[in-house]
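My notes follow in the order in which I looked.

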Amino acid sequence: MQVVPRSLWRTPCLHFRGLATVPNRNRQVRDPRQLFKPNSKAPKAGHGTRPEPAQSVVPPALQPEFEDTLSKLKQAHKRRSLLEAHAHWSSLQSKGLLAHVSNQDFKSLDNLLTAFLPSLLSRESPADPAIARAKRKALEDMRDLAIILAAQTSFTKPLADFMELSLAEGRPEDVLQAWKDFESQIPSWSSSSQGEVQNNLEIAARKRLSRPVLRAYAAQLDYRSAIASIWTKRCYLQPDHKNELSSPTSPEDRFLQVVRVVVAIIRPGAKSEILQQFTHGKSPKFALHFYETLLLASQAPEHPWVVISKDRPQKADDADWTTRALLHVGHPTFVMFAAEFVRCNRVDLAQRVADDMAHLGLDVPVVVLNILLDGYAKQRNVAAASRIYALLSERGNTPDLFAHTAMINALFQEGAVDDAMAYFKKAEELFVGEGKKGIHVATYNAVVHGLLINGQVDDAESLVKAMRTSPTAPRPDTITYNTLLRHYARKHDAPNFVRVLQELVSSGLNPDTYTFTTIVDTLLQSNRADAVPRMLDVMEAAKIPANTATYTAIIDCLIRRRGEQSVRAALQLLDKMEGDGVHANEVTFTSLLAGVSRADHLHPEVQSRLVDEIMGKMTARGMDPNRVTRNFLLLDALKTDGILGTDKAMKLWRETTAEKGGGIPHTTYFVLLNGLAKNGRYDYVQEVMDYIFGSGWQPKGSLEKLIRQLQREMALRG
């Protein structure tokens, strides 16, 4: 062992002063006395507490040496000597005596390592070669001690910090070697005889070390080891690995996401839609990266962890994780990729999946061809869709109903009405009749829409009539009538518009948001001064019930439209409904306030005036604003710059907090504090923060960061 002169360790010019001995005044990070406070309650077994060793199990022959080494170890900890501590801990480890060391001695070791961490983990390299060598030796000693500490207890921070430093310096192999040493030193009481992790202490340690370990696997592109370690519960994918990542950008993120998806797929009972849960139909880049990763892995010359074949291989030995195939890619997996690419509007990649299957000697299943047909049809690529349809027919397969619907839509969009109707007739022949599943209403709606956009109004009306009367056709739904309503609205055909509304109501269906939006758009686009009365006339003629729910739904449609005219129309409708004896409720007023407060297209002064007007109507009706209403008022007040806005916001806030429970959500607090600080009202900021801390509520996330930032700003201001 290289002996470093004591004078060198004491050199005052060392940036990492006192590597061998750290005076008490130079302790960093945290006070060890605060870290290990005495606990009056008995700790739960397995939850961060190491079982205390029995006092009489040290072999008699080793008892004197154990006691002597332990005494020297305590002195080394007291003197803060890393060099001596490493020697004594290594001696105990080599003789198999670590299991007999008390928890208090391990806590002292954690204190010692904590004191050295800041200087040892600094990435600055000393100019003096001798000092650089001394630092490397000290870092190696710290690594060995950190592994002992992590394996024997739940204190993993020193080892995790060492791993993070190794990753930052481009040495993932050091991380994996430390992980290997850690696993080899875990006491036998932590695991079962079968090697399964049972002790909660070990599980907690593994979870805290999993992040740097998986990052090291990512740096080496070692998918097999990463997947196997997670599957055998030796490593854990933490929530901070961004489970919802739909578009990972860095190579490390993509690696971890591939690992996550593979682990999800190979679990028993995994569904074919598993990939969609990660991409949400919006991220073809990751889906393509995952696809290409699997293809590349299957071509490995020895022991590929991915096997592509039609039939699933025989079950391999579960213990043989170094050579066995971890993922079988067969027809279901290729179908999953084809469907996901079409969802992402990348039919070219779905076509590549079909081509790859053929190249690899796999039959392209009917479901993949149907997916392709549907994708091409949605892109209005009628030629490619027709080619797939013909291929299915040549193979003796029947394209499914969704493929027919897609073809019908595409042909109608191209103006090929006769061809579209021919496909509709084929669908009726294939799917209508005794013992057949019939045609879904969505297909009929597609035909109705196609006929209308191509000017075939009579044919569309005839088809809807057949839907109402034919025993083999599905009944019209709200979408069917909305399609007709939108057509007649665009044509300004009021008689037919009212007639269709009457048919919708008389058929027992309820108008939906789209129905009301169509009514609103039709009347407001004409810029008529009597738009609201006309709307009510239409509703009355169509026999739509004039109740609070109906009025509120129409008001909500109006308020969602951009422009002051829509807001004015909503307020006019509010007056009309109450004039007719239909009482507005809190939901109605909250909808109005929400729409005005979120209307960024309105000038702040206009918003404030409208809010005051709505509140005046609410007060006149004897309604007190509830918590939700006050939150919208608070947000509106903060949009007004200056003293008037902040004073109004604070008044509303005080009124809300006076109520039982306060009821102000996290986002409103963020806007309140940010708005007060923007206007320089730090006295109000302090008042709000005092209330937050005094209430015992713990801010989190962006609000917590904002509060810390404001505390720093206020400290600088004095």
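Entry 1, helix α7. I started with what the buried residues of α7 pack against: they meet α5 (103-120), α6, α8 (172-184) and α9 (200-219). The model is a predicted one, which I note here before going further. I then listed the buried residues of α7, and they are P158, L159, A160, F162, M163, L165, S166 and L167. The helix itself runs over residues 157-168, 12 residues in total. From first C-alpha to last, α7 reaches 16 Å, close to the 16 Å expected at 1.5 Å a residue. Just after α7 I found G170 with a positive phi of about 75°.

I moved on to α21, which spans residues 457-469 and has 13 residues. Its first and last C-alpha atoms are 19 Å apart, close to the 18 Å expected at 1.5 Å a residue. I looked up which residues of α21 are buried and got A460, E461, L463, V464 and M467. Why do they lie on the same side of α21? They do so because they cover an arc of only 160° around the axis. An α-helix has 3.6 residues a turn, so residues three or four places apart point the same way. On the other side of α21 I found D458, K465 and T469 exposed. For the cover over the buried residues of α21, I noted α19 (417-431), α20 (441-453), α22 (478-490) and α23 (494-506), among others.

I closed with the totals. The protein chain has 34 helices and two strands. Of its 718 residues, 49% are buried. Among contacts with a separation of 6 or more, 64% join residues 24 or more positions apart. The chain exposes about 36,100 Å², and carbon and sulfur atoms supply 51% of that area.

Definitions and conventions. Residues numbered from 1 in each chain as written. Predicted model: local features only at pLDDT ≥ 70, side-chain atom pairs only at ≥ 80, totals over all residues. Heavy atoms only, no water. Helix = DSSP H or I, 4+ residues; strand = E, 2+ residues; numbered from the N terminus. Expected span 1.5 Å × (residues − 1). Buried < 20%, exposed > 50% of the residue type's maximum accessible area, 1.4 Å probe, protein only. Arc of directions from axis to C-beta. Contact = heavy atoms within 4.5 Å. Areas by Shrake-Rupley, 256 points an atom, 1.4 Å probe, with all protein chains shown as cover.
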